Amino acid sequence: MKRITALITAAVLALSLFLLSGCGTPKGNPLPEGMDETQLLDAGREVMALLTSGEYQAVVDALRPDVVEAGTKNGPITAADIESIMVPTIEKAGAFVEETEAMATGQSDKDSGESFGVAVFVCKHEKKNVRYRLAFDTDLTLIGLQVRKV
């Protein structure tokens, strides 16, 4: 299961859109020009709600088409791929309780130079906290995600 999760995460990040080394700081990096922090966080909350309610196909539908097509070794990203990321996390963390921290940060892809925003949320679940990192292009289309227990 860990291997599948790693493959899915690597596939979603295939475009190198998840270079989140600066996300540990409270302030983060500036968002791309024209990107609004409130809108980015709202978009992130929408995707996080889909993830925590098990609406995995809706998450796939929210992903930018080129990210879906880049997919995994087995082909385009599917709802089952998203489920394989979420289920092990939720099994250990328990049901979602509440958001406890939120921040927005800007990043850019080293290879393509594309700038994007990342909504980062730390959320309390019944047993453990979970960090959701949701990357969006400047049109607020989902381009990557990472979900981990903290």
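Start with the largest nonpolar core, which has 36 residues; Leu51, Tyr132 and Leu134 have the most contacts inside it. A nonpolar core here is a set of buried Ala, Val, Leu, Ile, Met, Phe, Trp, Tyr and Cys residues joined through side-chain atoms within 4.5 Å. Buried means under 20% relative accessible area, exposed over 50%, and partly exposed in between, with a 1.4 Å probe and protein chains only. Two or more residues each come from helix 2 (37-52), helix 3 (56-62), helix 4 (65-70), helix 5 (79-93), strand 1, strand 2, strand 3 and strand 4 (142-149). Helices (H or I, at least four residues) and strands (E, at least two) are DSSP runs, numbered from the N terminus.

The model is predicted: local features need pLDDT of at least 70, side-chain atom pairs count only at pLDDT 80 or more, and totals for chains, interfaces and linings use all residues. Residues are numbered from 1 along each chain as its sequence is written, and side-chain values use heavy atoms, leaving out hydrogens and water.

Next, select Tyr132. Its contacts (heavy atoms within 4.5 Å) include Met48, Leu51, Met86, Ile90, Phe121 and Val147, not counting residues up to four places away in sequence.

Now show strand 2 (residues 115-125), where 9 of 11 residues are buried. Strand 2 runs antiparallel to strand 1 (residues 96-108), joined by 11 bridges; strands pair if DSSP finds at least two bridges between them. Across this pair, Glu98 stands opposite Lys124. Move to the hairpin, with 6 residues between these strands, and find Gly113 at a positive phi near 80°.

Finish with strand 3 (residues 129-136), which pairs antiparallel with strand 2 over 8 bridges. Gly117 has Phe136 as its bridge partner there. The hairpin from strand 2 to strand 3 goes through 3 residues.
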